[in-house]
Amino acid sequence: MIKFLKLYEKFGIFIFIVVGAIVLSIASPHFLELNTILNIITQGTYAAIIGFGMTFAITSGGFDLSVEAVMGLTSVFLAILIPVVGIPSAIVISLVIASSVGLINGLIITKLDVNPFITTLAMMTIIRGVSLLVAGGRQIVISEKSFMTIGTGKLLGIPVPIYITMVLFIIFYLILYHTPFGRHVSAVGSNENSARISGLNVNLVKIAVFVLISFTAGVAGTIRTSQTLIGIPTMAPGFVLIVITVTVLGGTSLSGGRGNLWGTLFAGIFISMIYYGLNLLGVQIFYQMLSVGLVLIFALFIDGIRTKYLEKIKAKGIKV
Amino acid sequence: MYDVKAKKVKMKIGQLWENFGLLFLFVVVVIIFSILSPTFRTYYNFANNFRFSSLIGIGAIGMTFCIMSGDFDISIGSMLALVAVIGSSLIPKIGGIGGVLSTIAIASFLGFVNGVFIAKLKIPAFITTLGMLFVFRALAFIYTNNTPVYIQDKFWLFMGNGKVYGIPFAVIVMVICYLSAFLLLRKSPFGRYIIAIGTNKRAAMLSGINVDNVKIIIFTLLGFFIGVASVVTSANLGSANPGLMGQGYEFQVITAVVLGGTSLKGGNGSIGGAFIAAMILTYFKNGLGLLQVSSYWQYIAVGLILILAVTLNRIKYTLLGQVEV
């Protein structure tokens, strides 16, 4: 049973994907075409990218609700800055602004000792307000067509967002599993007190994690903006739910300490498959909301059972 | 010697703050907006705001219980909309009184479902309710096919707009809710269980309190109060809108509870504080609206108030010596 749980934690998401793929290929003759598959993966990248950041946050025992607002903020600043300073510097500045939101989050959480949940909930509204204020409440059209390459361009037949996701995945993977910082993140998430006592700078780790997640939200916001060429202050309402669903479904434990980046990546693709499948059925957007909510609760249900079982085993004195 | 004296002074400030801080803040808000806006200081506006404060105020009761026990619920905004559309659509079949009762019953049941998930499966409350936030909202859309339900039933409308001897009925409902909640929290074993669980869950469990059941009851109670708030809100609006109703409601309610002095770490809390805080928030929003401050600034202001409220609470409890620094 322990072995099974461990396997599930690592590869459970693949079962979902395989089942989903079989169902979809029966339902739609177009599913197995290369274009459809690339499309699904591309649509899954936003959730996966922010999911990488959320994996770090949840692994460290934290949480971030402000990501969707950060996406909107990035989008607005891109739209305003591109005509002024050109595309590359606009992207850099917007990403810095996005990351600075994470810095503020981290500072409030560590220095004022406010619960991360409440902090980011409040920041979500504040950042939405700021984005709307900066944009004057309107959507801003970007006239620079070449900016579109980031979101819709293709290299060797594969969309650019997939490359960006892969690069970010490799970087985050190396950070989480192969650097001292990654181990510190896990340590803080498993037991903050012991991490502090053993000499870790817990506050610094936490702040860095929140900067990372805001950065990933900035990247996702950039890709999304470049696909539509519009700066939208209220971009992606409710997207945070999808990000959390992706992270938890991917096998990252809510009790902290254990992150699963592979899972996050493939859970992003899985959620995108659900959306594709529901589009295929022609259902309204409410059902998509409902299904993501239900998938999240199901993922939590499994996570809950797993945690409960492991606790029981630990109580018996068996080493896990 | 000096240390003891300083500590005593600190305690005094903390106690003064705890007893009169919120009232003081309320008076300040009222005075400032009365000076700035002639419309704000009319009796009509004042009385109306009092009535509107019941919308946040009633929900804040259940949320106070919830936060005192160390949990959150952010699904309440969607729950408000869902039960309002279901309840009001039942009016033609079972009448106004039946509609109101079934609204409250359905809300209690949804709260119960939340509670079972959280207590029995040990899923963190805020994530469970985050999922429910979307499920409830989606169900509200699906149930109504995204069309508002208009309410014409007299009894239902009376809950939000009616008056008894010149006092708005919504206010009477709120006062009754507050009185019973106060008795429940301060005069019954159940209230002590909530405080015990919020202060130290493990100690509460070891001393024989059935933590799971208390949690389930807390979430059911929260659902109950949301049901009442849902009836009052939809009666005020004259319709139940699946998309617009309750947007950001959870945010306002949590802000009211925290501003009211309830500690996010659980254990410490104040029902009366939540009441005054709900009034402060309502008058504050009304004042900003009358001064024609852009709604974008209002977003920012509300977010800042929440963070400020948590920080102030922390300082207060530090002064009172209840938090280790």
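**Chatting through a two-chain model**

Guide: Let's start just after helix α4 of chain A, where D113(A) takes a positive phi of about 55 degrees. Helices here are DSSP runs (H or I, at least four residues), numbered from the N terminus. This is a predicted model, where local features need pLDDT of at least 70 and side-chain atom pairs count only at pLDDT 80 or more, while totals for chains, interfaces and linings use all residues. Residues are numbered from 1 along each chain as its sequence is written, chains are lettered from A, and side-chain values use heavy atoms, with hydrogens and water left out.

Visitor: How many residues does α4 of chain A have?

Guide: Helix α4 of chain A covers residues 87-111, which is 25 residues. From first C-alpha to last, this helix reaches 36 Å, close to the 36 Å expected at 1.5 Å a residue. The expected span is 1.5 Å times one less than the number of residues.

Visitor: Okay, new topic. How many residues does each chain bring to the contact?

Guide: Chain B gives 38 residues and chain A gives 37, with contact meaning heavy atoms within 4.5 Å.

Visitor: And how much area do chain B and chain A bury?

Guide: About 3500 Å² between them, with 86% of it on carbon and sulfur atoms. Buried area is the accessible area (1.4 Å probe) that two parts lose on being put together, summed over both.

Visitor: Which residues in chain B lose the most area?

Guide: F134(B), Y296(B) and I307(B) do, together making up 18% of what that side buries.

Visitor: Last one: what's the mean pLDDT of chain B?

Guide: The mean is 84, and 98% of the residues of chain B reach 70 or more. pLDDT is the predictor's confidence in each residue, from 0 to 100.

How values were computed:
Helix = DSSP H or I, 4+ residues; strand = E, 2+ residues; numbered from the N terminus.
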